[in-house]
Amino acid sequence: MPRVPALRNRLKDTPVVGAKRVLLAAPRGYCAGVDRAVIAVEKALERFGAPVYVRKQIVHNIHVVSTLEKKGAIFVDEVGEVPEGSHIVFSAHGVSPAVVQGAADRQLEAIDATCPLVTKVHREAVRFSKQDFEILLIGHHGHEEVEGTMGHAPERTTLVNSPADVPNIVVNNPDHVVWLSQTTLSVDETMETVRLLRERFPNLQDPPSDDICYATTNRQVAIKKVAAEAELVIVVGSANSSNTVRLVDVALEYGAKAAYRVDYASEIQQEWLDGVATVGVTSGASVPEVLVQEVLDDLADAGYGDVSQVVTAEEDLMFSLPKELRKDAEGNADERGLGGRVRQLDWQKDR
Ligand code: SF4
């Protein structure tokens with residue numbers, strides 16, 4: 001991702017009590033599912049040429065989307081907007097079977113960049129539905145991932161938007177219910193919702209493994225540690241990014257006196273820094289690191305040049321690219337076929 005032209009020396013270095021410093025949360029930024037989805041659009045453009053259509057934002061970040069638009073991606077809301085026979089990429093948030101069918105009906109060449117961890121939840125929904133469970137899906141109304149998951153078992157799924165919804169849920173058989181969740185929720189709030197659901201439905205079944213993904217969980221754990229020591233937390237990410245917005249909530253809950261979300265460093269306000277010695281910084285799972293670097297540059301201008309990482313986990317997960325992109329036009333395996341942008345697994349390095 002290219003850098004954004006920075007407005008340097010915009011923030012002033014004003015005196016505070018104590019030494020100024022930045023605590024930089026790790027892990028932060030791109031997760032494996034986002035990396036894969038962005039590479040999928042780039043590779044589709046390379047391979048098939050512009051335009052390549054993308055249903056919804058490929059990932060919820062305005063900088064990523066505008067950068068891909070400049071390269072020739074066209075973002076649409078629905079497959080009906082795409083000329084017949086074109087290439088279309090489904091976003092990391094996943095789609096319902098009805099969307100897949102809609103693309104097939106228009107003879108679109110579909111490339112499915114759904115994160116494999118979202119696909120896992122889709123499979124769970126299908127399996128529990130076949131076993132006649134009623135599914136209580138904890139997630140946010142209107143979020144694309146929720147729409148895609150509900151679309152896999154529309155007759156049997158009830159959305160639980162928040163703990164406040166629990167008293168009003170109606171099911172046919174209270175002894176045959178299971179909960180699933182959106183992948184990018186607050187871990188703590190979701191566990192509270194599950195606790196309330198279990199009070200109402202004591203035989204509530206758990207999903208076979210956590211639906212909130214490793215990246216969401218890891219970023220929340222890291223910001224909890226940072227927030228305990230920071231007067232101000234800056235979270236880089238877009239307003240429609242669920243996991244980003246949760247990081248702001250978690251920071252406030254775990255001790256930050258103030259927490260703000262910014263898309264770009266230029267949105268940082270001078271008054272946020274008044275009297276602040278320690279600034280925490282993190283970023284959502286769809287945020288390229290260049291945007292964090294720009295925040296650090298601006299903070300350095302304001303005297304916060306002392307940056308320490310607070311590392312709570314190491315991440316090395318990688319996913320295969322969508323199957324439609326694993327080979328080049330001549331049928332040769334693509335060297336990036338195992339995921340990361342520049343990363344290689346150790347065992348691959350000598351091959
Ligand atoms: S946040 Fe989690 S579920 Fe979403 S794309 Fe990243 S790894 Fe996949």
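In which sense do strands β1 and β11 pair, and over how many bridges? β1 (residues 21-26) and β11 run parallel and share four bridges, where pairing takes at least two DSSP bridges between the strands. Within this pairing, R21 has T278 of β11 as its bridge partner. Helices (H or I, at least four residues) and strands (E, at least two) are DSSP runs numbered from the N terminus.

A quick word on the model: it is predicted, so local features need pLDDT of at least 70 and side-chain atom pairs count only at pLDDT 80 or more, while totals for chains, interfaces and linings use all residues. Residues are numbered from 1 along each chain as its sequence is written, and side-chain values use heavy atoms, with hydrogens and water left out.

Back to β11 (residues 278-283): six of its six residues are buried, so the strand is largely enclosed by the rest of the structure. Buried means under 20% relative accessible area, exposed over 50% and partly exposed in between (1.4 Å probe, protein chains only). In a regular strand, side chains alternate between the two faces of the sheet. In β11, T278, G280 and T282 are buried on one side, and V279, V281 and S283 on the other.

Helix α4 (residues 116-130) has buried residues that pack against β6 (134-138), α5 (144-150) and β8 (177-181), contact being heavy atoms within 4.5 Å. The face turned away from that buried side carries exposed R123 and K130. Just after α4, D132 takes a positive phi of about 65°.
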